[in-house]
Structure formats: C-alpha cells, structure tokens
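Welcome, and thanks for taking a look at this one. Please have the structure open while you read, as the notes below move from the whole chain down to single residues.

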Amino acid sequence: METADVLPIAVAFAAGYLIGSVPVAYPVVRAVGVDIREVGTRNPGAANVFRTVSRRLGVVVFTGDVLKGAAAVLIAWALGVPAEWLPVAGAAVIAGQWFPVFMRFRGGAGLAVGIGVALGLSPAPAAVGLAVGVLTIALIHNTTRSAAVGYVALVITSQLMGAGWLEPLSVTAIAGMLLLRLVVVTVLRRWRQPERQAQQ
C-alpha cells in the first residue's frame with residue numbers, strides 16, 4: 001500500500017466511527033418520554049425499540065441505523081479508499097455503534113448498521129438479502145436466525161450475479177464481527193446470571 005492511500009483510509013475510519021457514534025434510538029425514543037437505556041434489554045438499538053416502545057419508532061430507528069452503515073462506506077468510497085479497504089469503514093461504523101463516544105460508550109448490537117454496511121459494499125445482493133431477512137423474521141420472529149438467512153441469500157445472489165468474491169468476503173468479515181460480539185455478550189450474560197441471582 002502506498003503512503004497516499006493511508007490518509008483516506010484513516011479519515012474513512014475516523015469518519016465511520018463518528019457516524020456510528022451518532023445515536024439514533026436515544027433521541028427518537030426520548031421524544032416520546034422514554035429512555036431506551038432503561039427499558040427492555042436496555043440496548044439502544046432498533047430491536048429493543050421495536051419490542052418495548054413501538055413498531056413505528058422501531059422502523060424509524062432501524063432505517064436510521066441502516067443509513068449510518070451505508071453512509072460510512074459511501075464516504076470512504078468518495079474519499080478514494082481502495083475497494084479492498086472499504087470494509088475498514090464498515091468495521092469502524094459498527095465499532096462506533098457498539099461504543100459510541102456520544103453515549104458514554106454504551107451502544108447497540110449493530111445489526112441494522114451492519115445491514116447498511118452490506119448495502120454499501122454490495123448494493124443489489126444486500127438488498128435481496130435484506131428482503132429475504134425481513135420476510136424470514138416475519139415468519140419466525142427471530143432476529144439472529146433471520147439475519148443468517150438474509151446473509152446466505154446475499155452470498156448466493158452475489159454469485160448468481162457474477163459479482164466475484166471480494167464483495168461477499170467483505171460482507172462476511174462484517175458478519176463475523178457482529179457474530180463475535182453476539183457470542184461474547186451471550187457468554188458474559190450467562191456468566192453474570194448466577195451472580196445476579198445470588199444478589200437477589
């Protein structure tokens with residue numbers, strides 16, 4: 001990599017993190033008198049808003065988070081970041097969603113943002129994957145499994161369209177990042193559960 005390529009990548013990473021740090025769920029839900037950090041799972045993300053506040057506001061938050069993910073990738077592209085380095089901006093915006101500097105580093109899971117990143121990296125296949133995922137969640141009511149089905153649909157569509165492997169591999173890296181966080185959070189919750197029960 002040439003030195004001239006480093007600066008755009010660094011700027012894209014910083015921009016992605018700041019975009020990810022911009023809260024969507026908190027102000028949207030606060031407008032109706034609810035602190036999303038105090039209800040449901042206390043996760044400031046679209047799923048928690050959808051389940052505990054209202055479906056309409058959940059859709060608003062979901063859309064906003066998707067746009068954040070896509071915007072980070074598009075800004076990186078506009079800065080001239082090479083295609084193989086665009087996932088860096090995607091990773092940064094998800095990191096911002098997880099640890100937002102504007103919310104004392106207490107953020108959401110990042111699934112909606114990850115969908116936005118996928119749309120930025122691989123627009124048409126990701127749109128198909130999103131449609132399949134939404135249909136699946138309407139049928140089985142399970143976010144994690146629906147996301148997995150949508151991901152498979154994205155990869156298959158990408159290959160049918162002859163897009164090569166760079167785009168699906170980039171999306172796979174982002175999906176792996178989200179999956180790793182899910183596993184870590186699940187393990188930590190199970191580890192802390194006996195401790196909380198003992199305190200009660």
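Here is a short briefing on the fold, the cores and a handful of residues.

This is a predicted model. The protein has nine helices and zero strands, so its radius of gyration is a handy next check: at 17 Å it is close to the 16 Å that the globule rule gives for 200 residues, and the protein is therefore as compact as a globular protein of that length.

**Overall fold and surface**

- Read from the N terminus, the elements run α-α-α-α-α-α-α-α-α.
- Taken along the principal axes, the box filled by the C-alpha atoms is roughly 55 × 40 × 35 Å.
- Of the 200 residues in the protein, 36% are buried.
- Take the contacts between residues at least 6 apart in sequence: 64% of them join residues at least 24 apart.

**The nonpolar cores**

- The largest nonpolar core holds 22 residues, and Val-93, Ile-94, Val-117 and Leu-121 touch the most other members.
- Two or more residues of this core come from each of these elements: helix H1 (3-21), helix H4 (55-78), helix H5 (86-98), helix H6 (111-121), helix H8 (143-160) and helix H9 (166-199).
- H5 gives the largest share of this core, five residues.
- Another core, of eight residues, lies apart from the largest one, and its members include Val-24, Ala-25, Val-29 and Leu-57.
- As general background, nonpolar side chains in soluble globular proteins tend to be buried together.

**Helix H6 and Leu-121**

- H6 is mostly covered, with eight of its eleven residues buried.
- The buried residues of H6 are Ala-112, Val-113, Gly-114, Gly-116, Val-117, Ala-118, Gly-120 and Leu-121.
- Beyond its neighbours within four places in sequence, Leu-121 is in contact with Val-73, Leu-86, Pro-87, Glu-167, Ser-170, Val-171 and Ile-174.

**Val-61 in helix H4**

- Val-61 belongs to helix H4, and its relative accessibility of 0% is why Val-61 counts as buried, the cut-off being under 20%.
- Setting aside residues up to four places away in sequence, Val-61 touches Val-24, Ala-25, Val-28, Gly-45, Ala-46 and Val-49.
- Val-61 and Pro-23 are 38 residues apart along the chain, and 9.4 Å separates their C-alpha atoms.

**Ser-21 in helix H1**

- Ser-21 is part of helix H1, and Ser-21 counts as buried because its relative accessibility is 1%.
- Not counting residues up to four places away in sequence, Ser-21 touches Gly-96, Gln-97, Phe-99, Pro-100, Val-101 and Phe-102.

**Leu-154 in helix H8**

- Leu-154 sits in helix H8, where a relative accessibility of 4% makes Leu-154 count as buried.
- With residues up to four places away in sequence left out, Leu-154 touches Ala-118, Pro-125, Ala-126, Gly-129 and Val-171.
- The C-alpha atoms of Leu-154 and Gly-96 are separated by 24 Å, and the two residues are 58 apart along the chain.

- Thr-136 lies in helix H7, which spans residues 123-140.
- With a relative accessible area of 13%, Thr-136 is buried.
- Thr-136 touches His-141, Ser-146 and Val-149, apart from residues up to four places away in sequence.
- His-141 itself is found in the loop between H7 and H8, and His-141 counts as exposed because its relative accessibility is 66%, where the cut-off is over 50%.
- Phi of His-141 is near 55 degrees, which is a positive value in a residue other than glycine.
- Arg-42 likewise has a positive phi, near 65 degrees, and is a residue other than glycine.
- Arg-42 is placed in the loop between helix H2 (25-30) and helix H3 (46-52).

Conventions: Residues numbered from 1 in each chain as written. Predicted model: local features only at pLDDT ≥ 70, side-chain atom pairs only at ≥ 80, totals over all residues. Heavy atoms only, no water. Helix = DSSP H or I, 4+ residues; strand = E, 2+ residues; numbered from the N terminus. Rg over C-alpha atoms; globule rule 2.2 N^0.38 Å. Buried < 20%, exposed > 50% of the residue type's maximum accessible area, 1.4 Å probe, protein only. Contact = heavy atoms within 4.5 Å. Core = buried A, V, L, I, M, F, W, Y, C linked by side-chain atoms within 4.5 Å.
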